[in-house]
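Please keep the sequence and the 3D view at hand while reading.

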Amino acid sequence: MAQYRRVNYSRYRGRTPKWKVALAVVLVLVILFSGGLILMQGHLIFDSDGHARLEMPWGTDEPEHEALEVPELDIQEPVSSAVPRRAQVLPDMPLTLAGWTAAQQAADGLDQAAVTLRQNGRVGFNSDAAPYQAMNPVADTMEALAKVTESCTPAICLFSCFLDPVVSQVELETMGLQNTGGYIFYDGGNRNWLDPAKPETVAYLSKLLTECAALGFDELVLRDFTFPTEGKLDKIAYTKDVTQTEALNQALTAFRTALDEAGYQTVALSVELSPDDILAGENQTAGVSLAALANTADAIYARTELDKVPALMAAVEAAGSACFVPILPELPPQEVQPESFLVEPS
């Protein structure tokens, strides 16, 4: 009898092993989970504290957002050419409470004041930048200056720049104007000067001007903003890489930049020139270029007489954007008063 071998055909009957089914289920779950994460990322919202929350499209129509708090801005207008200056120049430097009281009594209708805070190298207020040799305040100076800045709008500061017989000698190498022999230069009036072309000079004066602005003054008027024009000028050791005009223009720009960077963009910066230099338009020896200065300074001042004001005003207006402010020796009659002027008795 023929013998038949029993063959197991079960593996050919299309049955899937259980481990493969489990693996397929796991893969499907992984795919669904990944898709869910991608979907949720588009609806994951972070609040201002960094906490996350899920907002699905079938949820609230409009998500709640925290109200933005807009701070109130205290905007101060700068002293522009449109602001009239009608001020008396206070004679005292440093100013005292008694001097301020006397000036108010003699104001003669002028409600603004111009105070000298630096003259002949001396500083008439408590300064952190000035060396002790240049300090010249008195006990109640700071209180008197505070009363001026509180009472006057604008409050004007008169600031002598480069005429300086004090610091020019104390810091001869870094700031003083020297002669060709390396010593301090004396002009025709036996006076000493700072060198406008030296970076240390510009940095020192920039600090002082910033301190003046911090006292509350609305306008800083630079006096003695010039190189010497009297004496043996051929003996001056001028800086070779810049002209006198370039040195003054660069100094004025640096002063403006220092004030702006310190937060005093609204404080006006002006320059006093001689009437002759204004009418001529320039003075290369002095370093004056009216066109350059009138487009950087807010105003051009000059000591003059009332009848010369129209010509000087026309010259300044033709040169640039600055306005002209005369410094008169006495209060003019009301019917012929310029829009802006200072009164400084000679």
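## Salt bridges in the chain

Glu-344 and Arg-303 form a salt bridge through their side chains, with an N to O distance of 3.5 Å. Arg-303 belongs to strand β11, while Glu-344 sits in the segment after β13 (341-343), so this pair ties together parts that are 41 residues apart in sequence. The model is a predicted one.

Arg-303 also meets Glu-272 in a salt bridge, at 2.8 Å from N to O. This pair, too, links distant parts of the chain: Glu-272 is in strand β8 (residues 268-272) and Arg-303 in strand β11 (residues 299-303), 31 residues apart.

Are these side chains buried or exposed, or something in between? The cut-off for a buried residue is a relative accessible area under 20%. Glu-344 has 18% and is therefore buried. Glu-272, with 11%, is buried as well. Arg-303 has a relative accessible area of 44% and counts as partly exposed.

Arg-256 pairs with Asp-260, and the closest N and O atoms are 3.0 Å apart. Both residues are in helix α6 (residues 244-261); because they are four residues apart there, about one helical turn separates them. Arg-256 is buried at 14% relative accessible area, whereas Asp-260 is partly exposed at 29%. As a general point, side chains of opposite charge can pair when their charged atoms come close.

| Salt bridge | N to O distance |
|---|---|
| Arg-303 and Glu-272 | 2.8 Å |
| Arg-256 and Asp-260 | 3.0 Å |
| Glu-344 and Arg-303 | 3.5 Å |

How many salt bridges does the chain have by this count? The count comes to nine, and the pairs in the table are among them.

The rest of the report concerns the chain as a whole. The chain contains nine helices and 13 strands. Of its 346 residues, 40% are buried. Among contacts with a separation of 6 or more, 69% are between residues 24 or more positions apart.

Notes. Residues numbered from 1 in each chain as written. Predicted model: local features only at pLDDT ≥ 70, side-chain atom pairs only at ≥ 80, totals over all residues. Heavy atoms only, no water. Salt bridge = Lys/Arg side-chain N within 4 Å of Asp/Glu carboxyl O. Helix = DSSP H or I, 4+ residues; strand = E, 2+ residues; numbered from the N terminus. Buried < 20%, exposed > 50% of the residue type's maximum accessible area, 1.4 Å probe, protein only. Contact = heavy atoms within 4.5 Å.
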